[in-house]
Every structure is written in structure tokens, then in C-alpha cells.
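Hi everyone, thanks for coming. I'd like to walk you through one structure today, so please have the picture up while I talk.

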Amino acid sequence: MLYRDQIGETQNPPPYSFPGVKINSFRLKADLNKLQKLCDRVLNVGELEQRGFEFRPIFPFVDLEILHYPEMLYAYFPVGCSISQNECYVRLFVMKYLDVGGLLVPDGEVAVFCPLLLVSNTWSAFAGRDVLGFPKLYGIFDPFSEADPFTTVSTEVFTAIGVGVTAQTKPVVAIEPAPGKAARIPDKDKKWPWGHIDIDDIHPDHQALVRSVDPTALFFESVTMKQFRDPALPINACYQAILQSVTFVDAIGEFEPLPAVRIKINDYATLKLADSLGIAPGVWLKPMSQYHLECSFFFGETVPVFENQHSWWEWW
């Protein structure tokens, strides 16, 4: 059936074009076991026998990135209109393991998985979540730039669950000046979003996979889960699918230095980002690496790689 626009519709489908995006990127150590639990909860829905694959994290780190989009364009039949936004997300790299006769075999392709995105534009928040399945929340950003990357990103949370508790706008990510030397810049021959990868820091079981990654590729895949609550039984999903999409990099600049920073991720009763990543919440952290980059990219086709057709009670 054809999608029907409603009054004030904001759900333009892909593709999208993002020219001249300014990115401040910070790599943080994370716990691989916690990242696996996160993938199992969000990406590995249903049963392995039905999916035929599972996603696994392959690096013990995540990338926290703060971005400014000067323009966000609907790239199919463009009408000249655009919006802009700031964005903050955490991303990790995952690989799909195929079920081959009961043996899980890596397919060799690495995808980007973002468990949370905060955006300053409400249109982007609605479209990103409802159209593509990206877990976006509306965020408030203190000013930031390449020369001054220090900022706070806040969103509305509940600090506790109980009678009389009201939602409050609280900082989720804080980036402040730090004493000492700034974290290193990745090698110039690497490309965004890969950055620098130290083979020796990777679990031995994953080192061969890491060596197969092409860090100079100018396209990459993203994977996420899209779901909607069932109106007949809201604890159930009436639609749940794992979606995979491709981002093509049109133009990319050089890695540029950022001043020394320290980063803190705060957890709350209704938003536990740090704990899900295996990062100590509310603790100041020094990045493993960091850089500024200007990049233009194109978000392309999105396809479902698995649709979960089972109600939750059917797995019991």
C-alpha cells in the first residue's frame, strides 16, 4: 500500500545528502562483553534458526562523535529545501556471523551500529526513528566547533522511577578541557569512520577479522532495529525488523587535531548509555584517539535483512 502523508508530515524516505558535515570524533575504551549483550538485545532479535545470522562486536571500543550538519537534503527529486542540525551519537563496529550448518562463520563485512543518537532537529528525530529505525532522541547542544570542541549534550530523562517524579533535562555527554597532551590523531591513510585500529589491542580471536577490514573504503554499512508497538497489545511489537543501509562518502578531508579533552557519559534511570557500553558512568575519561574532520556523504538505500514475525510469548 502507498504511504499516506499526514498533516505536518516529516517522514521523508531516503536517500539523503549531507554536504560539508563537521565531525569531532573521540574513541573510548569499552567492554566487549557488554557490547555483545547490547547487540543480543537490539540486533539479534528472534531465534538464530529463523534469522540465519547474528551480529557481534569486534572491537573493544566505541566512537563518540559530535557533528554539525550545515545542510540535510532529501536527495531524491530534490526541491531545494534543507534543514540543519547538531548530532551526537555513539557507534560501534559489528560483523555479521552466518549460521552455516550450526556453525557461525563471519561474513567479512563490518557494519556500524549506533545504539543512541541525540539530534537538535525534531524533523530528523522523527524521520530517523520512524523511517529508518535509528534510536534518536531530541537533544540540546552547547555551542561547539573544531577549535572549541567542549560542549554538553542534554536530553529529557527521569532521574528516578516513582510517584511524583517528573522528567528533567539533564546532560548525557560532557566534553571539557583537560590538562596534558591531546590524544593522538589516526594515521592519515585511514578514513572515516574507521580511524585508527591497533591490532594488538584486539582479542586474538578477532585479529584475523580486523586485518580483513579495509580502512580506506569510501562507503560503509549501518545496521539497526526498527520496531513499532502493537496497538492491540502494546507490550508486543506489530513490526520488528533488522535494517541494513549504505552510506557513500562523496568527499572527505584530512584528520585535524583537537585540543586535549576529557569526556563524561552520565546514566539515568531511563537512559543507561554508559552501562550498556561497559563504560563507567559519571567518570571523566581520556579518549584513546581523537580528530576533527569535514566530510560530505550520501545515505542510500535501506533494506530489511530480517523481519521478526513472532510475538514475544511464542519464544517461551
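**Salt bridges, strands and a pocket**

Let's start with Lys-34, which is partly exposed at a relative accessible area of 28%; by that I mean between the two limits, with buried being under 20% relative accessible area and exposed over 50%, using a 1.4 Å probe and protein chains only. Before going on, a word on the source: this is a predicted model, where local features need pLDDT of at least 70, side-chain atom pairs count only at pLDDT 80 or more, and totals for chains, interfaces and linings use all residues. Residues are numbered from 1 along each chain as its sequence is written, and side-chain values use heavy atoms, with hydrogens and water left out.

So what does Lys-34 meet in a salt bridge? The partner is Asp-275, at 3.2 Å from N to O. A salt bridge here is a side-chain nitrogen of Lys or Arg within 4 Å of a carboxyl oxygen of Asp or Glu. This pair links distant parts of the chain, as Lys-34 sits in helix 1 (residues 32-42) and Asp-275 in helix 5 (residues 273-277), 241 residues apart. When I say helix or strand, I mean DSSP runs numbered from the N terminus: H or I over at least four residues for helices, E over at least two for strands. Asp-275 is also partly exposed, because its relative accessibility is 38%.

How many salt bridges does a search of the whole structure find? The count is eight. As a reminder, side chains of opposite charge can pair when their charged atoms come close.

Next, please find Asp-63. Arg-27 forms a salt bridge with Asp-63, and the closest N and O atoms are 2.7 Å apart. That pair links distant parts of the chain too: Arg-27 is in strand 1 (residues 16-29) and Asp-63 in strand 3 (residues 61-74), 36 residues apart. Asp-63 also meets Arg-91 in a salt bridge, at 2.8 Å from N to O. Arg-91 lies in strand 4, so this pair ties together parts that are 28 residues apart in sequence. Are these residues buried or exposed? Arg-27 and Asp-63 are both buried, and so is Arg-91.

Tyr-97 counts as buried because its relative accessible area is 5%. The C-alpha atoms of Tyr-97 and Phe-53 are separated by 5.3 Å, although the two residues are 44 apart along the chain. Leaving out residues up to four places away in sequence, Tyr-97 touches several others, including Phe-53, Arg-56, Pro-106 and His-206; contact means heavy atoms within 4.5 Å.

Another buried residue is Gln-290, with a relative accessible area of 1%, in strand 13 (residues 289-307).

Now the sheets. Strands of a sheet pair through backbone hydrogen bonds, either parallel or antiparallel. There is an open sheet of four strands in the order 7-8-9-12, with antiparallel pairing; two strands pair if DSSP finds at least two bridges between them. Strand 7 (140-141) and strand 12 (261-265) stand at the edges with a single partner strand each, so one side of each is left without a neighbour in the sheet. Seven bridges join strand 8 (residues 151-157) to strand 9 (residues 168-177), and Thr-155 stands opposite Lys-170 in strand 9.

Elsewhere, strand 5 (residues 103-119) pairs with strand 10 (residues 219-229) in the parallel sense over two bridges. Strand 10 also pairs with strand 11 (residues 237-252), in the antiparallel sense over eleven bridges, with Arg-229 opposite Ala-237.

Strand 10 comes up once again: which feature takes the largest share of its lining, six residues, from strand 10? That is the largest pocket.
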